[in-house]
Amino acid sequence: TTSVSVTQPSQLNVSLSSTNISCGGDNSGQIVVTATGGTQPYTYSIGGTEQSSPIFSNLFAGNYYVTVK
C-alpha cells in the first residue's frame, strides 16, 4: 500500500505597474502584470481579450481592469 497526497496550488498573487501616457490624447500608456502562485501558464486580459503576454501597451488614459487566469 502506498499513500499519495493531492494538494492545491498556492494562492495566485498579482501586482501591477503602469506607465502614464506622455502627452494628452495619445496611446503611450502601458500596464505590466506580475503574477506568482496559482497554476501556470497564466493568461491576462483587459476588456475581455485574453493574451499570454503580461504586458499591455498602446493604452489611452483611463481605468483598466486586469484579469489573470
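In what order do the three strands of the open sheet come? The order is S1-S2-S5, and the pairing is antiparallel. Strands here are DSSP E runs of at least two residues, numbered from the N terminus. Two of them pair if DSSP finds at least two bridges between them. S1 (13-19) and S5 are the edge strands, each pairing on one side only. The twist averages 15 degrees from one strand to the next.

This is a predicted model: local features need pLDDT of at least 70, side-chain atom pairs count only at pLDDT 80 or more, and totals for chains, interfaces and linings use all residues. Residues are numbered from 1 along each chain as its sequence is written, and side-chain values use heavy atoms, without hydrogens and water.

Now look at S2 and S5. Three bridges join them. Valine 32 has isoleucine 55, in S5, as its bridge partner.

Next comes the core. The largest nonpolar core has nine residues, including Ile31, Val33, Ala35, Phe56 and Val68. Such a core is a set of buried Ala, Val, Leu, Ile, Met, Phe, Trp, Tyr and Cys residues joined through side-chain atoms within 4.5 Å. Buried means under 20% relative accessible area, exposed over 50%, partly exposed in between (1.4 Å probe, protein chains only). S2 (29-36), S3 (44-46) and S5 (55-59) each supply at least two core residues. S2 gives the most, with three.

Two backbone details remain. Glutamine 40 and proline 41 are joined by a cis peptide bond, with omega about 5 degrees. Proline 41 sits in the loop between S2 and S3. Asparagine 58, in strand S5, has a positive phi of about 60 degrees, though not a glycine. Asparagine 58 is exposed, at 56% relative accessible area.

Notes. Helices (H or I, at least four residues) and strands (E, at least two) are DSSP runs, numbered from the N terminus. Axes are lines fitted to C-alpha atoms, for helices over the stretch in contact, and angles run from 0 to 180 degrees between N-to-C directions.
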